[in-house]
Amino acid sequence: MKHTEVKQQPLSLYLEVCSETEEPRLPLHTSITLFLLSYCECSSFKVFLVFTKPASSQSLKSQLAECLDVSDMQLEDLPQLVKGCRLPAALDETGRLCRAGLAVVLRHIIHKTLAADPSRNDVLALLGFKKTCLKACAEVSKWTRLCEIGIPSAVEEHLTKPTNQYQQLPLSILALERRLAEPVKVHNDDKIRRRKLQEQRQNEKNESPEGQGNPDFEPEPGQSPQVRDRLELRAALAKLSVDSVPTLTTRENSEIRKVKTTDLPPLEHVFAEGLYFTLTDVVLLPCIYQYLCSLQAHAASTLHLLPYLLRWYSRVQEVPGVLRAANACGMALSIPQVSTASLPGPSIEDNPASLLEQEEGQETTTQLPFVGGPRPTMAKLKENGIEAVFAPHPCPIWTLPWDSLPEAINPTEGKMSNIRAVRKRQQLNNLVAMVTELARPGYTIVDFCSGTGHVGIVLAHTLPDCQVILIENKEESLVRAQSRSAELGLKNIGFIQANLDYFTGPFHIGVALHACGVATDMVMEHCIQAGAAFVISPCCYGFIQNAIKFTFPRSKRFQETLTYKEHMVLCRFADQTAVQLPPERRLIGKQCMGLVDLDRLWAAETHGYSVRVMTMEPESCSPKNNMLVGRPPHKSGLEVGASQLEAMVHN
């Protein structure tokens with residue numbers, strides 16, 4: 001097939017500017033991005049400062065590194081794909097792939113810096129162990145949510161509404177303080193902990209009367225012997241390949257080698273994620289800098305509550321390149337005028353654990369242990385007139401013309417086995433049939449959790465009069481999908497690498513094939529908020545649990561009948577549908593699937609939606625073969641346009 005040439009554009013980075021008042025200011029997410037660009041000395045992007053009303057970035061010049069190519073832009077002039085996302089956002093050379101959200105954009109900047117200069121070990125180290133720093137999306141990772149959303153949002157609120165905030169510290173700041181106070185566990189930390197024990201014993205010997213004259217003892221300038229984290233700091237800086245810092249190469253003596261691992265001293269936090277300076281510290285530094293600056297006269301009455309945070313703040317400034325990058329962005333870092341070595345730890349009254357537990361309790365509920373099987377729960381539901389009901393499939397034998405479709409559309413294009421490829425085609429038949437029945441020319445269809453694009457690419461090829469957007473958090477999967485669509489020459493398709501919450505654009509139909517656990521509920525909620533229809537195949541019911549946005553059961557009738565624990569029993573046994581299980585057990589699993597999805601159906605109906613739960617055809621196409629099809633209030637009914645489907649097959 002002839003490839004369609006795509007006009008290449010420079011890499012573009014779009015950053016928000018708050019311009020509600022006469023004096024524009026940079027929100028924290030923008031300041032963080034600019035700080036990373038400065039630290040990496042990255043010049044791969046053309047930076048656009050996006051204003052909501054006519055204004056100029058002239059007054060912001062001191063916060064913009066001189067190495068950056070910066071232009072002003074009005075909100076209405078954003079590229080269409082970027083308009084549908086929360087900023088910051090980056091657009092690739094083709095203009096078809098947008099990366100949105102703080103963590104995704106920051107990781108992209110790091111990758112582009114390394115592509116331009118692979119020798120930048122300090123930049124590579126920002127990605128952390130196994131290169132996963134802030135890779136887990138905020139919807140499932142409490143740590144990512146705290147760093148990417150919680151702390152920046154809390155500081156922004158503190159800066160805009162400072163009244164009475166000095167008496168009660170933000171809960172997210174307290175959560176970070178508690179995290180920094182915890183011992184660190186890092187990969188292969190045994191050697192570092194033994195070296196620490198050896199140094200502790202040497203210090204004790206030097207401080208004893210008989211060790212006072214030891215010529216080998218050289219106390220560190222300005223440091224108390226009680227400061228116990230210098231070894232960790234040296235190890236951390238050595239990781240950054242700083243020549244002036246010695247690496248830990250000396251072998252400990254035999255006495256130290258005999259000490260049990262459980263008796264070794266714990267490692268203390270040097271940086272936010274442990275021993276090493278990572279992207280998380282880059283995110284936190286502008287936040288904590290602005291927070292400390294805002295306290296000013298209230299520092300004496302507040303900072304004693306944050307001893308570990310202040311120590312972290314001083315250590316970050318020792319990292320090579322940090323002060324240079326901060327100065328370039330107008331951040332005059334300084335250590336607050338409080339003795340960090342003598343600061344007491346926060347008391348129970350100052351830092352009540354109940355406040356932190358209250359915050360964490362809003363995010364997720366600990367999953368309770370399961371006892372017994374699903375039958376008592378199913379019997380309880382039946383006694384209350386609740387049973388799984390599956391709507392008949394409106395087009396059970398409909399299929400795409402696979403033999404005449406381009407090879408790049410066929411699931412066999414990848415490394416998929418023939419048997420699995422047949423089942424994948426059957427799954428796609430079901431979703432495409434339902435979406436085609438709902439779609440009209442000019443509609444925007446969003447393929448959530450798109451992976452490598454099996455659903456979205458088929459839809460874009462099959463419905464050329466519709467715009468299709470693929471949303472996926474994993475960059476590798478989305479790049480593969482983009483490559484496949486380029487091979488097909490598709491022009492009605494766009495790609496967004498982002499967490500679901502960062503997509504804010506309008507759309508008409510949302511689709512998701514095997515959205516795992518609570519992802520199904522997130523997609524449904526996103527569709528309901530947009531007033532869009534949805535076609536969703538759920539998966540991994542056992543991963544369902546209360547989250548920051550959802551509690552289970554979802555519907556009022558289920559809530560009145562089942563406890564959270566009983567609902568989790570249904571979710572657990574809904575996963576018992578594998579083909580190798582006995583038929584009776586699979587039947588119970590299918591009924592549990594139907595009950596969980598019935599709860600979702602009733603929750604959607606409270607918003608005026610018409611929803612049906614049906615089984616894919618043939619049932620053998622997947623152990624997770626349920627499909628939820630919902631229409632918003634102004635599109636009631638689910639009659640299938642058979643003539644439309646037939647016409648598409650013949651064309």
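This is a predicted model: local features need pLDDT of at least 70, side-chain atom pairs count only at pLDDT 80 or more; totals for chains, interfaces and linings use all residues.
Residues are numbered from 1 along each chain as its sequence is written, and side-chain values use heavy atoms, with hydrogens and water left out.

I then listed the contacts (heavy atoms within 4.5 Å) of L13. Leaving aside neighbours within four places in sequence, L13 is in contact with residues including T33, L37, F45, V47, A89, V105 and I109.

**Aromatic pairs**

I found 8 aromatic pairs in the structure. Rings of Phe, Tyr and Trp (its six-membered ring) pair if their centres lie within 6.5 Å; planes under 30 degrees apart count as stacked, over 60 as edge-to-face and the rest as tilted. The ring centres of F448 and F507 are 5.7 Å apart and the planes stand at 70 degrees, so I recorded this pair as edge-to-face. The two residues are 59 apart and link distant parts of the chain: F448 is in strand β6 (residues 444-448), F507 in the loop between β8 (493-497) and β9 (509-516). Helices (H or I, at least four residues) and strands (E, at least two) are DSSP runs, numbered from the N terminus.

Are F448 and F507 buried or exposed? F448 is buried at 1% relative accessibility, and F507 is buried at 4%. Buried means under 20% relative accessible area, exposed over 50%, partly exposed in between (1.4 Å probe, protein chains only).

I also recorded one aromatic cluster, formed by Y39, F271 and F277.

**Charges over rings**

I checked for charges over rings (NZ of Lys or CZ of Arg within 6 Å of the ring centre and within 35 degrees of the ring normal). The charged end of R179 sits over the ring of W143, 3.9 Å from its centre. The charged end of R311 sits over the ring of Y308 at 5.8 Å from its centre.

**Residue S62**

I located S62 in the loop between β2 (46-51) and β3 (69-74). S62 is exposed, at 51% relative accessibility. Not counting residues up to four places away in sequence, S62 touches A328, C329 and G330. S62 and A328 are 266 residues apart in sequence, yet 7.6 Å apart in space, C-alpha to C-alpha.
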